[in-house]
Amino acid sequence: MLQVSHVTKKYGKTVACSDVSFHLDPGSVTVLLGPNGAGKSTIMKSIIGFLRHEGEITVAGFPNKSPEARRVLGYVPEMPSLYANLTVLEHMEFLARAYKMNDYKARIEELLTRFELADKTKKFGDELSKGMQQKLNLCLGLLPDPEMLMMDEPMIGLDPHAIKQLKNTIEEMRAAGKTLLISTHIIDSVDMLWDRALIMQDGTIKADVTRSELDASDRTLEELFFDVTENLSREDMSHPDAAAKGEAAAQEGKKA
Ligand code: ADP
């Protein structure tokens, strides 16, 4: 479904992604993990076609910036960019028309109800709280029901109800055979949701595991994450000092 080949993106002298290659099979949920600044947003923005970069990206066999790829690919950005002078409902209808969707009213209602925005349809973009903006941002990404959806840190700013609804939505999309790529720096937020995990640090992919590979290695995703990002082996983790260091880092990760 997605093929990323040798993608490098530099911002001036900063190398945000360096020679990143991976592919995603259809009908799977992949989490893209990594500390802040690892390059997760940059690779997602490259895939969606917002950035110029070295290397090649194809979606369903088409170059990522082609109209064919755009029809297949959806994106929920980390930062909502809403129009101050459009209401919640107008945002949804505007997007539905841009995607030339038919019979979109029921889907809009279903999504706004699911994310508890049904009573906010007349509120303008700049009247929404941060969490409501985040939920509208999600509804906008979900509305076209794309074959492949990328979500950049989608849990940030959501209340527990919305997190539960988002997790249900991810499960439903997986069951419907969609391909998902979800970035996060909070490992707990994606536990149980993923089929495959990519761990990024310093602009490169440091680990690429499926759930069954990780289960067979008798490690948790969190242990693998710290092994990779802090170079602590499992044996090191059993050493009191190293375990304390890992635990402190885990707590830091949760706070970040
Ligand atoms: P992540 O999403 O994993 O937190 P990013 O992809 O946002 O990481 O950032 C990767 C690196 O690229 C960081 O060093 C960040 O400071 C840098 N970076 C990201 N966006 C820009 C930009 N627009 N201009 C300059 N540097 C940037």
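**Entry 1: what kind of model**

I am working with a predicted model, so I keep that in mind for everything below.

**Entry 2: the four-stranded sheet**

I began with the sheet of 4 strands, which is open and runs in the order β2-β1-β4-β5. Its pairing is antiparallel. Which strands stand at the edges? I found β2 (14-24) and β5 (62-63) there. Each has a single partner strand, so one side of each is left without a neighbour in the sheet.

Next I looked at the pair β1 and β4. For a landmark on screen, I picked Q3, whose bridge partner in β4 is T58. A reminder to myself: strands of a sheet pair through backbone hydrogen bonds, either parallel or antiparallel.

I then turned to the helix on this sheet. Helix α1 (residues 40-48) lies across β1, β2 and β4. I noted its direction as about 115° to β1.

**Entry 3: the ligand**

Which residues surround the ligand? I listed Y11, T14, A16, P35, N36, G37, A38, G39, K40, S41 and T42. By type, the shell divides into 4 nonpolar, 6 polar and 1 charged residue. Helix α1 gives the most to this shell, with 3 residues. I also checked β2, which, like α1, supplies at least two.

I went on to the distances to oxygen atoms of the ligand:

- For K40, a polar side-chain atom lies 2.9 Å from a ligand oxygen.
- For A38, a polar backbone atom is 3.1 Å from a ligand oxygen.
- For S41, a polar backbone atom is 2.8 Å from a ligand oxygen.

How much of the ligand does the protein cover? On its own the ligand has 560 Å² of accessible area, and the protein covers 58% of that.

**Entry 4: the six-stranded sheet**

I moved to the other sheet, where 6 strands follow the order β6-β7-β8-β3-β9-β10. This sheet is open too, and its pairing is mixed. At its edges I found β6 (73-76) and β10; each has a single partner strand, so one side of each is left without a neighbour in the sheet. From one strand to the next, the twist averages 15°.

I looked at one end of the order. Strand β7 (residues 148-152) runs parallel to β6, and 4 bridges join the two. There I saw V76 standing opposite M151 in β7.

At the other end, strand β9 (residues 196-201) and strand β10 (residues 204-210) are antiparallel, paired over 6 bridges. L198 stands opposite D208 in β10. The two strands form a hairpin with 2 residues between them. I checked the turn and found that D202 has a positive phi of about 50°.

I followed helix α6 (residues 160-175), which lies across β3 (29-33), β7 and β8 (179-184). This helix runs at about 150° to β8. I also followed helix α8 (residues 221-230), which packs on the sheet and touches β3, β9 and β10. Its direction makes about 25° with that of β9.

Key:
Residues are numbered from 1 along each chain as its sequence is written. This is a predicted model: local features need pLDDT of at least 70, side-chain atom pairs count only at pLDDT 80 or more; totals for chains, interfaces and linings use all residues. Side-chain values use heavy atoms; hydrogens and water are left out. Two strands pair if DSSP finds at least two bridges between them. Contact means heavy atoms within 4.5 Å. Axes are lines fitted to C-alpha atoms, for helices over the stretch in contact, and angles run from 0 to 180 degrees between N-to-C directions. A residue is near a molecule or strand if one of its heavy atoms lies within 4 Å of it. A polar contact is a pair of N or O atoms within 3.5 Å; within protein, one must be able to donate a hydrogen and the other to accept it, and residues adjacent in sequence count only if both atoms are side-chain atoms. Accessible areas come from the Shrake-Rupley method with a 1.4 Å probe; for residues, only the protein chains shown count as cover. Ala, Val, Leu, Ile, Met, Phe, Trp, Tyr, Cys and Pro count as nonpolar, Asp, Glu, Lys and Arg as charged, and the others, Gly among them, as polar.
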